[in-house]
Amino acid sequence: MIKTIILIGGPMKGTRFRPLSLELPKPLFPVAGYPIIYHHIEACSKVPHMKEVILIGFYQPNDALNKFISNVQQEFKIQVRYLQEYTALGTAGGLYHFRDQILAGKPDSFFVMNSDVCGDFPLKEMLSFTVQKGGGSHCTVLGTEATRQQSLNYGCIVENKNTHEVLHYVEKPETYISTTINCGVYLFSPDIFCTLEKIFKKNQEDNYKIHFFSYQAGNGWCSGLHERDCDPNMQMKETIRLEQDIFVPMAGSGKLYVYHTDRFWSQIKTSGAAIYANRHYLALYQNWHKERLAKNGELKPQIIGDVYIHPTADVHPTAVLGPNVSVGKHAVIGEGARVRESIVLEGAVLQDHCCVLYSVIGWNVTIGMWTRVEGTPNDPNPNKPFAKVDVKDTFSPDGKLNPSITVIGSNVQVPSEVILLNAMVLPDKSLAGSCKNQIIL
C-alpha cells in the first residue's frame, strides 16, 4: 500500500503570489484549468496501490478546500483528506505530528510532495527505482538539473554517479555545490519516523537547555527549576525542517538516494511562474488529455496552439485565443478579443476587441472594450540548458517595479480604451485610466 502526503502550507505562505492568494489558498489556484494540487493528485492516482492522499497544512478548513477534496475523491476514486496543523511545523514537523495517521494501514512507503512545485511527476519511476535499491533505503529525492548560478536558490545534491546515493546535501548554498537540485518530491519508507523522532527529541532537549540557561542567567533564583516552570509561555520547539534537519545528516549514510528526471519541472512561487506552468501543463494535455484542449471549428473562436476553455465559458466566435491560454468557469470573452499566454479566471469579462497578453485576469474582473492588458514574461533563458524560472524581487535596487506579468485581482473594473502594462492591481479597484509599471493599491 502506498500513500501520498502533500504539504500545502498556510495563509502566511505564498506572499509572493499575492494578490491571487488573497482570494483562494495558493494550492487551489487554477493552472491549465485545474487547481495546482489537482495535478499532484492526478499523478498520484496513476501509481499502483495508491490508497490515500493526505493534505497537511495550517489553513483553516474552508468551503473551497472541502469542495476540492470532495470532487477529487469522486473523480479519482481515492481517499483524500486534510489534516490541519495547529501552527506552522516546518516541512517535516507535520509529518511527525500526524505520524499515526500516515502509518495507519501500514503503508509500504509514502510520497511527500511540496504543493508549490509543478511538473510531469515520474512517481511510478521513483517507486521502481527505490524498490530496486532494497528495503534499506529511507528516502529517494527527485532531482533535476539547473544552471550553476540558479542552483544556489535550491537544495543542492552531490551524488555517487554510479549508485545515485546522496553523499552531500546543502540547502541554498552560498557557493556552488552541484547543479543537481531538489525538486521537492520524495519517497520515504516508514522507518523514516525513527529519524524524525530522534530529531524531534534532540530539538526538544536543545530548546530546554537554551531557555533554561538564558532564564537562569537573568534570574538567579531560578536555578534547578524545569524550563516550563520558569516560563509557562515558552513554546516547545516542534518545527522540523526536512531539508536541513533530515537530509543534511542523512547524506552519506547510505539511506538517501536521488532519482533524476529530465521532464518538465518548476516551482510556482510567483504569478509569473503560474503562467509558465500553465503553458507546460497545457502541452502535457496533448499526450494525456486531448479532450481538455479547445479545437477550431465552425462558430467557434480561433484557437492557436494549446488552449483550455471551461465548458461554461462564453467565447465569441470572432475571438482569437492562444497559444497557452486557460479560460475559467463562466468567463465571457467578447467579439474580436485577443488573448495570449494568459489565465482568465472564473467570472471574468473581456469585452469586445480587448487584448490580453502575459497576464492573469482575476475573478469577476471586467476589461473594457479596446483595452490592452500586457505583462512581461519571466521565462527561463532559452540559451542556457537546464535554466529555470527566476524568482525576481518585486522591486529593483533603485526602487522601481521590475517588469513582470500583469496581475489583476478580483472584482476590478478596467475602463475601455486604456493600457495596463506590467501592472499589479489589488482586488476591488475601479481604475480611472492607464498605468504602467505600477502597483495599484
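Q: What makes up the open sheet that contains β15, and in what order do its strands come?
A: It has 7 strands, in the order β15-β18-β21-β24-β27-β30-β32, and the pairing is parallel. β15 (307–309) and β32 (439–440) stand at the edges with a single partner strand each, so one side of each has no neighbour in the sheet. Bear in mind that this is a predicted model: local features need pLDDT of at least 70, side-chain atom pairs count only at pLDDT 80 or more, and totals for chains, interfaces and linings use all residues. Residues are numbered from 1 along each chain as its sequence is written, and side-chain values use heavy atoms, with hydrogens and water left out.

Q: Why do β30 and β32 count as strands that pair?
A: A strand is a DSSP run of E with at least two residues, a helix is a run of H or I with at least four, and both are numbered from the N terminus. β30 covers residues 424–425, so it meets the strand cut-off of at least two. Two strands pair if DSSP finds at least two bridges between them. β30 and β32 share 2 bridges in the parallel sense, so they pass. M424 in β30 has I439 in β32 as its bridge partner.

Q: What makes R18 a contact of M424?
A: Contact means heavy atoms within 4.5 Å. Leaving aside neighbours within four places in sequence, M424 is in contact with R18, P19, V407, Q438, I439 and I440, so R18 has a heavy atom within that cut-off. R18 and P19 are themselves joined by a cis peptide bond, with omega about 10°. P19 sits in the loop between β1 (2–9) and β2.

Q: How does helix α9 lie relative to β21?
A: α9 (residues 271–288) runs at about 95° to β21 (342–344). That angle is taken between N-to-C directions on a scale from 0 to 180 degrees, using axes that are lines fitted to C-alpha atoms, for helices over the stretch in contact. α9 also lies across β15, β18 (325–327), β24 (359–361) and β27 (406–408).

Q: Why is T270 called buried?
A: Buried means under 20% relative accessible area, exposed means over 50%, and partly exposed is in between, with a 1.4 Å probe and protein chains only. T270 has 14%, so it falls under the buried cut-off. T270 lies in the loop between β13 (265–267) and α9. Its contacts, apart from neighbours within four places in sequence, are R16, F17 and V391.

Q: Which class do L299 and E417 fall into, buried or exposed?
A: L299 has a relative accessible area of 71% and E417 has 62%, so each counts as exposed. L299 is in the loop between α9 and β14, and its phi is near 60°, a positive value in a residue other than glycine. E417, in the loop between β28 (413–414) and β29 (419–421), has a positive phi of about 55° although it is not a glycine.

Q: What makes a cavity something other than a pocket here?
A: On a 1 Å grid over the protein atoms alone, a cavity is a set of points where a 1.4 Å probe fits but cannot get out, while a pocket is an open set with protein on both sides within 12 Å along at least five of seven lines. There is 1 cavity of 30 Å³ or more, and the largest cavity has a volume of about 40 Å³. A volume is the space filled by probe spheres set on the points, which are joined across faces, edges and corners. The second largest pocket has about 890 Å³.

Q: Why does V391 count as lining the largest cavity?
A: Lining residues have an atom within 4 Å of a point. V391 is on the list with Y154, S266, Q267, I268, K269, A273 and V389, so it has such an atom.

Q: How is that lining split by class?
A: It has 5 nonpolar, 2 polar and 1 charged residues. Ala, Val, Leu, Ile, Met, Phe, Trp, Tyr, Cys and Pro count as nonpolar, Asp, Glu, Lys and Arg as charged, and the others, Gly among them, as polar. The second largest pocket has 17 nonpolar, 6 polar and 6 charged lining residues.
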